[in-house]
Amino acid sequence: MNWQELASQLFPGGHDIQEQDHFLSGTARVGEQTVAVIGTTDHTPIGIEIALAQAQAVLAVVREHPRRSIVILVDTQGQRLRHRDEMLGINSYMAHLGKCIDLARRRGHRVIGLVYDQALSGGFITSGLMADACYALPQATIRVMGLPAMARITKVPEERLVELAKDNPVFAPGARNYLAMGGVEAIWDGDLAAQLEQALTQATPQDRRAELGAERGGRKWSQQVVQAVLAESHARAA
Amino acid sequence: MSSYLEASARERIRMLLDAGSFSEYLPPAARFTSPHLGQLDAPVAFDDGVVIGAGSLQGRKVMAAAQEGGFMGGAVGEVHVAKLVGLLKRAVAERVDAVVLLLETGGVRLHEANAGLIAVSEVMRALLDVREAGIPVLVLVGGANGCFGGMGIVARCANAVIMSEEGRLAMSGPEVIETAGGVEEFDSRDRALVWRTTGGKHRYLLGDCDAVVPDDIAAFRAAAADAIERLARQAPALTLQELEAEQRMLEQRLSAFGGRSEPMQIWADLGIAQPEQVPMLDARAFTDLADRHRTGAQT
């Protein structure tokens with residue numbers, strides 16, 4: 001779905017979102033409230049410029065509109081793979097964006113992510129995955145790597161990966177796998193505006209994803225290991 | 001002198017902390033292995049490639065973790081990252097004086113990529129919770145595998161980064177960039193270029209790293225103790241003011257160096273008269289030179 005169509009379904013009360021070089025920003029009406037919207041489009045790679053633009057927009061909301069909710073619209077093929085971006089420290093630009101979103105949450109802004117097309121690796125860690133909760137449309141693609149490339153690197157035949165992926169959501173692409181693991185809160189279908197409004201009402205700043213992954217059976221170990229570390233009383237000498 | 005580069009994760013953590021002070025949580029005997037690797041016929045490690053625990057550093061109580069580069073290049077999976085998240089939460093619960101993360105990783109483990117990706121964002125949030133609780137977080141980078149992928153982002157969420165000149169810090173590895181963009185984009189076999197682009201000296205000159213030390217565990221220990229001492233006098237939590245300063249710093253970096261394609265051009269722009277000499281300098285001589293020219297401020 002293109003972002004204009006998405007925005008008209010998400011924000012029937014109106015919006016003034018603008019696109020500039022694949023960066024989306026603006027405000028929108030959700031029920032009785034005004035929300036800030038930031039995001040990316042056309043599967044754009046996240047390079048240092050667009051990471052900074054998003055961070056700037058988040059900081060502007062924190063500074064000028066205390067407690068205003070933020071909606072992050074995610075569509076990216078991942079971090080930009082360029083020597084120049086690495087030379088300039090793209091990890092620092094990504095970390096900066098993540099910290100800005102984290103600061104917004106700590107200062108009482110509710111932050112909702114929505115993967116409406118693609119989400120990959122580094123472009124996703126510091127956007128949708130830093131929100132209070134991240135949602136996805138049913139047709140969204142979320143992945144680190146496709147199965148053919150993974151088969152090449154792990155030297156496990158692709159047919160075997162396809163077979164294993166049916167029962168184990170841990171490596172195969174797909175929004176439903178991320179749902180099972182708690183990384184995606186829910187998949188939205190139907191009335192997007194109503195679901196966004198509800199998501200904003202329900203948003204909490206606690207990171208419950210490991211717990212959700214355990215409840216849903218897609219990520220059985222994370223929560224258990226975290227609890228084991230917290231509970232271990234008889235630490236042993238190494 | 002004991003090489004940090006050549007030491008294992010357990011050796012590093014034991015020698016970094018006060019002698020005999022380290023006690024490990026979920027040690028290999030507890031058998032917390034990856035449930036996913038075996039399914040894909042890959043070997044497992046009884047600690048899933050990361051050592052976590054508590055100890056002291058010059059008398060201050062710390063929580064520490066060290067990734068083992070010898071196991072899958074330090075790549076992170078579900079159990080591995082959950083151990084880091086657990087340690088960070090425990091640091092808050094016990095109100096330690098600092099958290100020290102010895103990172104060495106190529107990024108997310110493909111065999112459990114989705115779990116790794118989600119969990120890296122959990123580490124980021126847990127790390128920032130530690131800072132919010134008033135506890136500084138340090139990251140040390142000096143292993144043969146560098147610190148790449150999502151953990152390269154995690155490193156820059158910490159209060160301070162300490163690197164050896166052999167240490168490398170970035171996001172996508174040179175091989176990944178070469179595969180995507182060709183050898184003209186990034187020649188991953190040009191080791192000198194790889195070090196100029198991602199190595200400790202370049203990161204220090206840009207301001208993404210707070211100290212460059214020799215490849216010696218004792219030097220890392222001294223630098224970590226200094227950083228804890230310095231950070232004890234500051235508030236470690238994120239603030240709007242700090243992030244606005246970081247925004248300006250990153251904008252300035254982009255406008256000053258965005259047109260450059262070679263790190264040595266950036267070093268020359270910073271006023272270093274003989275940038276080609278920089279890789280030859282030892283850590284002390286380099287730091288003396290760099291401190292007159294380096295840019296940026298740590299958030």
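**Close-up views of a predicted model**

**View 1. L161(A) and its surroundings.** L161(A) counts as buried because it has 20 C-beta neighbours inside 10 Å (buried means 20 or more other C-beta atoms within 10 Å of its own, exposed 12 or fewer, partly exposed in between, with C-beta atoms placed from the backbone). This is a predicted model: local features need pLDDT of at least 70, side-chain atom pairs count only at pLDDT 80 or more, and totals for chains, interfaces and linings use all residues. Residues are numbered from 1 along each chain as its sequence is written, while chains are lettered from A and ligands numbered from 1 in the order in which they are written. L161(A) sits in helix α7 (residues 158–165) of chain A. Helices are DSSP runs of H or I, at least four residues, numbered from the N terminus. Beyond its neighbours within four places in sequence, L161(A) is in contact with L147(A), M150(A), A151(A) and V156(A). Contact means C-beta atoms, placed from the backbone, within 7 Å.

**View 2. Helices α1(B) and α8(B).** The axes of α1 (residues 9–16) and α8 (residues 217–231) of chain B come within 9 Å and cross at roughly 50°. R12(B), M15(B) and L16(B) in α1(B) meet I217(B), F220(B), R221(B) and A224(B) in α8(B). Five of these residues are nonpolar, none polar and two charged (nonpolar: Ala, Val, Leu, Ile, Met, Phe, Trp, Tyr, Cys and Pro; charged: Asp, Glu, Lys and Arg; polar: the others, Gly among them).

**View 3. Chain B against chain A.** Here 77 residues of chain B are in contact with 69 residues of chain A. On the chain B side, helix α3 (residues 113–132) gives the most, with 13 residues.

How values were computed. Axes are lines fitted to C-alpha atoms, for helices over the stretch in contact, and angles run from 0 to 180 degrees between N-to-C directions. Helices (H or I, at least four residues) and strands (E, at least two) are DSSP runs, numbered from the N terminus. Two residues are in contact if their C-beta atoms, placed from the backbone, lie within 7 Å.
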